[in-house]
Amino acid sequence: MSQGDDKQAASPSLVPGLYIVATPIGNLEDITLRALRVLRAADLIACEDTRHTQKLLSHFEIKKPTVSYHEHNEAARSRELLARIAAGERVALVSDAGTPGISDPGERIIRAAIESGVPVISVPGPSAFISALVASGLRTDSFRFLGFLPSRAGERRSALERLRETIETLVFYEAPHRILETLSDLELVFGPERRVVIARELTKVHEELLRGTASDMRSVLTQREAIKGEMTIIVEGRMQSEAVKPPQGLGQRMHELMEQEQLEEKAALKQAAKEFGISKSEAYREWQRRK
Ligand code: SAM
């Protein structure tokens, strides 16, 4: 037994179960004392990427067996891990960064654990969206976390259109190579006035909070040689005073549905109304106005 194992054996014991352990989103100091204790005492650590998590474990001198648990092996791995827990083991679940299950693998095994009566224990810690939201300066009393927007332009715009009237602050994750397109869509759908905050590289050396409108963000980012880093976008909710505007992407979506998806006008109107969350007659009026 190595020195590291000695230290781990001395940790207070844990009851058998599935431990959902949040890990840092950049700065390793953000791991909690309890997360460290659980990782040290667990029998097995299920990781989104074992090599990635190994760096974290090595940093804290934690020597424990790891196993992969990711979107491609979730079903089979869940059964295997739950069988081990049922036999008395303690399994810690981690993702590459932040809280497992939040735009990361985890949901499936957590649900399966609950269904099979296996204890699920949350070990809270960092999550990028909470850190970004609180630093944004936008309203935090009521917000909607939406994870990643669809990558296809039409679907992304439709998703945003459905949120146009939402008064809660909106929180999205976004990849750097899509940020400019998303900012254009935000401006198109929500109008030029809404306040937008980009939280980039939170907790890391190059942490940055960009505040302004979507167009301000675009100007700042396009002037850069490269747009890099992890980004969370926060968008102000609709102000009560803001006039309810007709859906701006409806005309475009109608063309897409009729030209690309070969729908008849009536079927396209029905589909567009559904996607934009408006009635068929509203969609019809709007479509006539734009024709
Ligand atoms: N489970 C993680 C959590 O709890 O935050 C999120 C995982 S998701 C796959 C990764 C996305 O989270 C990134 O693409 C980015 O949008 C956001 N993110 C992660 N780390 C971040 C950071 N340090 N600063 C800003 N956003 C971050």
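Modeller: Lys266, Lys270, Lys274 and Lys280 form a positive surface patch in this predicted model. Patch residues have over 30% relative accessible area and no salt bridge, and like charges are joined within 9 Å; a salt bridge is a side-chain nitrogen of Lys or Arg within 4 Å of a carboxyl oxygen of Asp or Glu. Lys and Arg count as positive, and the place of a Lys charge is taken as NZ. Accessible areas come from the Shrake-Rupley method with a 1.4 Å probe.

With three residues, helix H11 (residues 265-276) gives the most to this patch. Helices (H or I, at least four residues) and strands (E, at least two) are DSSP runs, numbered from the N terminus. Lys274 lies in helix H11 and is exposed, at a relative accessible area of 66%; exposed means over 50%, buried under 20%, and partly exposed in between.

The loop between helix H10 (250-259) and H11 holds Gln262. Gln262 has a positive phi, near 55°, and is a residue other than glycine. Its relative accessibility is 65%, so Gln262 counts as exposed.

Thr203, in the loop between strand E8 (196-200) and strand E9 (208-212), also has a positive phi, about 70°, although it is not a glycine. Thr203 counts as partly exposed because its relative accessibility is 22%.

Residues are numbered from 1 along each chain as its sequence is written, and side-chain values use heavy atoms, without hydrogens and water. As the model is predicted, local features need pLDDT of at least 70 and side-chain atom pairs count only at pLDDT 80 or more, while totals for chains, interfaces and linings use all residues.

How values were computed: Patches are made of residues with over 30% relative accessible area and no salt bridge: like charges are joined within 9 Å, nonpolar side chains (Val, Leu, Ile, Met, Phe, Trp, Tyr) within 5 Å. Buried means under 20% relative accessible area, exposed over 50%, partly exposed in between (1.4 Å probe, protein chains only).
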